[in-house]
Amino acid sequence: MDALLAQLRADLSEAAARLGAPPRLDELESTADDGRPVLARGLPDNPLAPTVAGVAERCPAVARTDDHMDWVYCPESGEVAAVGLDAPAIGKE
């Protein structure tokens, strides 16, 4: 799981460099002006979450135990967190 999260973070960093800013939530599964996917490998499925590649927007990107998505993403910073990977309980952030 750590490798998958690191890969997604690297893809987000590369996308931010190409776009000049971190991608917006609605851009994560789209193509850039150059015709290439915003995320080089697409948005992966998180094997720790019961959903299929869903993303919640929250800043800071902190996953919670009650999240029903695969990832938590903050477009302001470009940071992403995996749901199910050491997620704090609500109110314990």
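Let's start on the outside of helix α1: D2, A3, S13 and A17 are exposed, and they sit on the face turned away from the helix's buried side. Keep in mind as you look that this is a predicted model.

Now turn to the helix as a whole. Helix α1 runs over residues 2-19, 18 residues in total, and spans 25 Å between its first and last C-alpha, close to the 26 Å expected at 1.5 Å a residue. Its buried residues are L5, L8, D11, L12, A15 and A16. They lie on the same side of α1, because the arc they cover around the axis is only 140°.

What do the buried residues of α1 pack against? Their partners are the strands β2 (71-74) and β3 (79-82). At the other end of our walk along the helix, α1 is followed by G20, which has a positive phi, near 90°.

The model has one disulfide, and it joins C59 to C74 with an S to S distance of 2.0 Å. The link between C59 and C74 is right-handed, with 100° about the S-S bond. C59 belongs to the loop between β1 (55-57) and β2, while C74 belongs to strand β2 itself, so the pair ties together parts 15 residues apart in sequence.

Are the two cysteines, C59 and C74, buried or partly exposed? C59 is partly exposed, at 36% relative accessibility, whereas C74 is buried, with a relative accessible area of 3%.

Conventions. Residues numbered from 1 in each chain as written. Predicted model: local features only at pLDDT ≥ 70, side-chain atom pairs only at ≥ 80, totals over all residues. Heavy atoms only, no water. Helix = DSSP H or I, 4+ residues; strand = E, 2+ residues; numbered from the N terminus. Expected span 1.5 Å × (residues − 1). Buried < 20%, exposed > 50% of the residue type's maximum accessible area, 1.4 Å probe, protein only. Arc of directions from axis to C-beta. Contact = heavy atoms within 4.5 Å. Disulfide = S-S within 2.5 Å.
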